[in-house]
Structure formats: C-alpha cells, structure tokens
Amino acid sequence: MADLLGVDAPLPAGHGYVLRLNEAAVREVDGFTLVALAARAETSGSTLILVGDFSRRKHDLVGHIVEHRSAPAAEVFRAQLRQQLTGQCVGWCTGTCEGRCVERYVDEDCVGHPLLSAYLASETRPGDVIAIVATIARTVPKGGALAERLEQFLPLQLRERAAEILDVRRRGEEVDAFPHDEVRAFRLSCAVLAGQPVTEIHQAAQRLARFDFQEPASTGAPFRGSMLDALLGSTLGQAVTRLTDPRVPGGCRIDFSPGAQPLRSVLLDVAWTEWWSPKQLLDWLADLIRGDSPAVRQAAAGAIGWSATRDVQAALDAVGELARERRAGVRQAAAIVLVAMAMQPGLRTRIRAELDQWVAGSAAHLRDTVARAYSLGLARLWPESALVQLRQVAQARMQRRNNSVVRGLVEVYRNGHAASVLPALVDWTSSADPEVRLHAARTLRVLADRWAEPPREHWPELLHLVDQRTIELADLAVVWATALSLPRTAYRSWRTLGFWLDRADQQPVVAGHCLDLLRHVIAGQPALRHRLNHQLHHVWRPVMPHHDLLDDVQLLIDEETR
C-alpha cells in the first residue's frame, strides 16, 4: 500500500489493481488512507480494490466496504474438483473419454455421499473445501475407499478449525480490550452456552479465565459490535449467529448455526487436551451448574457429559458432589450429566456401577438423583434395573414431596414396557412401606390420564392395553383400588375415573371394559363400594344426568351389595 501512495511509483493508466491486505495492513487503513488512494487512482485513470478481513472495521469504514459473499460450499467443491480432474478419465471409459465420467464422479460419488453432503451443508469455509478437494483429487477414491478417506480427514479438519479458534495468537489476532485468556475462555463459553445471552457467556468466560470464581461485575449493557467481533474472531464469527432478543440482558444471544453444531463438542475436546486441566474445566462447569439460570445449568451439565471420556473418574466425582446438593435444580443437572454419560456406550458399565452404589447407600439426595436420571432417559437403556432401583428410591421419606420416582416409572412405561410396569406396581401396592404404596398410586393416577392413539382415541390407554391383552385387567384393578383408597391420591383418582365413564358413554366396548374394571375394584371392598355409591349419586349424577352408563354402574353396586 505504501508503494501505491508513493509519488515515485506511477500507476499505468487504464489498469485495475487488486491488493490483498494482511491483518496488520487492515488495521492501518483509515478514512484518510482511502481518500488518498482514491485520489491517486483517479489521477492515474486506474481502479483499485483492497481485499482483506474488514469484518471488525465495518462500523469505522461504513459506506466503503463491500462484503464478499462466498459461493455455497457445494458449488466451490464442484468447480474445484472438476478443475482438478480436467483431462482425466475416472470412470474406466471404453474408447474415447469425453469427460462425462468426471461429472458423474463429482455429482454422484462425491457430492451425493452422505458424509460429504452433510459436510458441505455445514458452515464450511472455501479454504477447507479446497483442502478436501486436494485430498480427493490425488487418488480419486470411490465407495468404501472414499468413505474411509472422509472419516479420516473431516474430523481432523474440524479439530484444526477448533484449535485455530482457541489459539488466539495463531492468526496474529490482537484483542486489545481483553486478555488472551479471557478471549479464549469466551470462545469456549460460546460452545458450552450456545443459545444464551452474550452477557451470560461473558460472565462465564470471566469465571473460567480467573479460576478463583470471584463474582464478575454484572452488566446489562449490550456489547458494541466491534467488541463482540474481537471476542469471537473471524473463524468462530462465521460459525455462530447473533440473535437480537430484547427480552434478555444485553439484548443479544449467540448460537451456532445448524451446520456448525459439530464444532461445539470439538472445541470442548481441544480445550481439555490443549488448554485447561480436567479439574479446572470440571470446577468451572460445576460452578455454572450451581448458578441461578436453569438454561445455563442444563448447558453446563451437557458439557460435562460430552467430555466425560477424557477423565471418567473426575467427571463421576464432580457429578457425585452435584448430586448431593440440597437444591433440586442442581440435582436435576447432575441427572442430565449421568444420562449424557450413559448415552456413550464405553461409559455405560461405569455409570451403572455408580448408580448401584448410590441406590444401595443411605444418601437420600443421591437416590433422588438416580430417580431423576431414569426419568430423563436412563429408563430407555435399563428398564429392568429402573423398576428395581426406583422401588428402592421410593422407600425414602424424602420422596413424599417429589415426583422423580413417578416420572421414572412413566418413562419405563412409555418406552414399550407397560407389561412390566403394571405387575411391578401391583407388587408395590402390597409393600409394607407406605411411601412405596403411595408411589404406585401416584403412577396409576398419571397413567390414567393417557389416551390411546387414533383411531381408538376414545379409549383410555390402560383399557386399550387390557383389550390388547398387553396387561391384565386384574392387575389394573388392584392398582386402581389403591389409588382410589389412599387419601393423598383418592380425590384426583375418582375425578379421573368419572372422566373415563363420561368418555365411555355411548361406546359399548369401552363401557363394558369400564364396568369390568369397576367390578374387580369393588369386589370384596365394602369401603370402596360405599365410596363408589357416594360418587355416583353426589358427584357424577349431577354433572352427567343423562349418561346411561351410570345406570349400569348402579346395577353393579346393587349386585355387589346383595
């Protein structure tokens, strides 16, 4: 640029010039420089275009910057690979090759490949696309060989991109307003807390950069555009989107675009291996979980689960401390960590052994966390263990105030194990522990609110399962009788039963099953028979005066009385 401004370097008229500027040169460009260059070009009758990363200078040089919008990654890939393969025959053509085999290879074998298609649909930079083109063009792999090459190359490229983001000095980036440690921490916080307000992300970054977790000064002021650009950097800035949201502090949220989601876990992986120790990261994430924001707690819990393979024991120690907390929200986050860890096949044995120890121990908060983990997804993995361990958890008096056990049982039921859940509940109803009986009744009350899928949407789901012979009517009646008898579940259970009868009216098959159920419920139960009679005359009749099914219920009561 100095040569262009120098008086001893005349520019030949009628020519155009494109000058590529590095980051240092971009920082030197100001408004007066542009004026001088424009005057020089006009005097010599030439044109001049400056090319560089002016993304941080948009507000300083407004009106002079034209944003370059790259072609879609798939188009860059097609054009570059076609150029690389020009003149080659890649389809073992017989006779003269006219180049159609190259088109087929590019469009069908490469762009149509699932791995490469997903890669090109993500926020892929042109330089990264050119690198994958070069590795493919060298040997022109097909089928399994192409898949193997992609499986090796794409993760390495993504990791290199993550390393570039966290290594602030790698691209010569200078962020004068913030220390390098804080910039790096901010970028990692973006990956962990994607979707959260920028002020939450910045406060989390300050805690990670300081390690002593002193409470940072809170601020509701929005970040200036240039300040946020500097914190993100050009590489991460291309992968995230900024969402204006006046409802959140600072008015802005940061999230990763759909195609850049894989970059989040890779950033965390690079952070573990190259920048922070496991203890530092786990202490930081645990500190976020103990905060007041439910969204931040959930995101931090997921991050511990993602990276648990780096140090399984350290992660288990951290989640064990969280599971002992008195705050239910923190224990819920600990359950999220357990589920995230158990979803990784290599960790399942360790997680199952840990849960066995927690349930066998006497710590009520650890037991409650186990129940929460089953309700959040572990019941899908281990339905048999869920039924056994949830019963052990249900024995604790602490569970009288919680619904963790019920949610865990419902999760087992929802995932195709109704035939196991109902017999287990029957066994629970005969337990000597009143808390266990209470949870059986609570679970029945929740399940009774579920209705079958169309075209049998007028069926209570439990009666539909009886009709399908998935569960036994006698088992269902035992649990219903318990729910109708216990003081803490009776009121809602009788109301739900009345709703069943209302929906069954004018539905002969459903009505028949309802009557059969009531017959089993009140058989040999004088107290329930009297309560049913009371409900019929003082609750249901006034609300449903014209329901024929209630006449049949009266006949049923009379038969049992005789």
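**Entry 1**

Which residues does P12 touch, not counting residues up to four places away in sequence? I found Y17, S44 and S46, taking contact as heavy atoms within 4.5 Å.

I note at the outset that this is a predicted model, in which local features need pLDDT of at least 70 and side-chain atom pairs count only at pLDDT 80 or more, while totals for chains, interfaces and linings use all residues. Residues are numbered from 1 along each chain as its sequence is written, and side-chain values use heavy atoms, with hydrogens and water left out.

I placed P12 in the loop between α1 (2–5) and β1 (16–20). Helices (H or I, at least four residues) and strands (E, at least two) are DSSP runs, numbered from the N terminus. I recorded P12 as partly exposed because its relative accessibility is 42%. The scale calls a residue buried under 20% relative accessible area, exposed over 50% and partly exposed in between, with a 1.4 Å probe and protein chains only. I also took the C-alpha separation of P12 and L285, which is 61 Å for two residues 273 apart along the chain.

I then turned to β1. The number of buried residues among its five is zero, so β1 lies largely in the open. Five bridges join β1 to the parallel strand β2 (residues 47–51), where two strands pair if DSSP finds at least two bridges between them. I found G16 opposite T47 of β2.

**Entry 1: Cysteines**

I searched the whole structure for disulfides and found zero, a disulfide being a pair of cysteine sulfur atoms within 2.5 Å. For C190, the nearest cysteine sulfur is that of C252, 9.9 Å away. I list C190 as buried because its relative accessibility is 0%. C514 is buried as well, with a relative accessible area of 2%.

**Entry 2: Helix α7**

After α7 comes V140, and I noted its positive phi, near 50 degrees.

**Entry 3: Aromatic rings**

My rule pairs rings of Phe, Tyr and Trp (its six-membered ring) if their centres lie within 6.5 Å; planes under 30 degrees apart count as stacked, over 60 as edge-to-face and the rest as tilted. By this rule I counted three aromatic pairs. One of them joins W451 and F499, with centres 5.5 Å apart and planes at 80 degrees, so I classed the pair as edge-to-face. W451 lies in the loop between α22 (434–447) and α23 (461–467) and F499 in helix α25 (residues 487–504), so the pair ties together parts 48 residues apart in sequence. W451 counts as buried at 18% relative accessibility, whereas F499 counts as partly exposed at 38%.

I classed the pair of W494 and W540 as tilted, at 6.2 Å centre to centre and 50 degrees between the planes. W494 belongs to helix α25 and W540 to helix α27 (residues 526–543), so this pair links distant parts of the chain, 46 residues apart. I found both W494 and W540 buried.

I next checked for charges over rings, requiring NZ of Lys or CZ of Arg within 6 Å of the ring centre and within 35 degrees of the ring normal. The charged end of R503 sits over the ring of W451, 4.1 Å from its centre. R184 lies over the face of W275, at 3.6 Å from the ring centre.

**Entry 4: Salt bridges**

I required a side-chain nitrogen of Lys or Arg within 4 Å of a carboxyl oxygen of Asp or Glu, and the whole structure gave 18 salt bridges. Among them is R290 with E321, at 4.0 Å from N to O. R290 lies in the loop between α13 (278–289) and α14 (294–306), and E321 in helix α15 (residues 312–323), 31 residues away. I recorded R290 as partly exposed, at 30% relative accessibility.

R380 forms a salt bridge with E411, the closest N and O atoms being 3.0 Å apart. R380 lies in helix α18 and E411 in helix α20 (residues 404–414), so the pair ties together parts 31 residues apart in sequence. E411 counts as buried, at 7% relative accessibility. Finally, I noted a network of salt bridges that links R159, D269 and E274.
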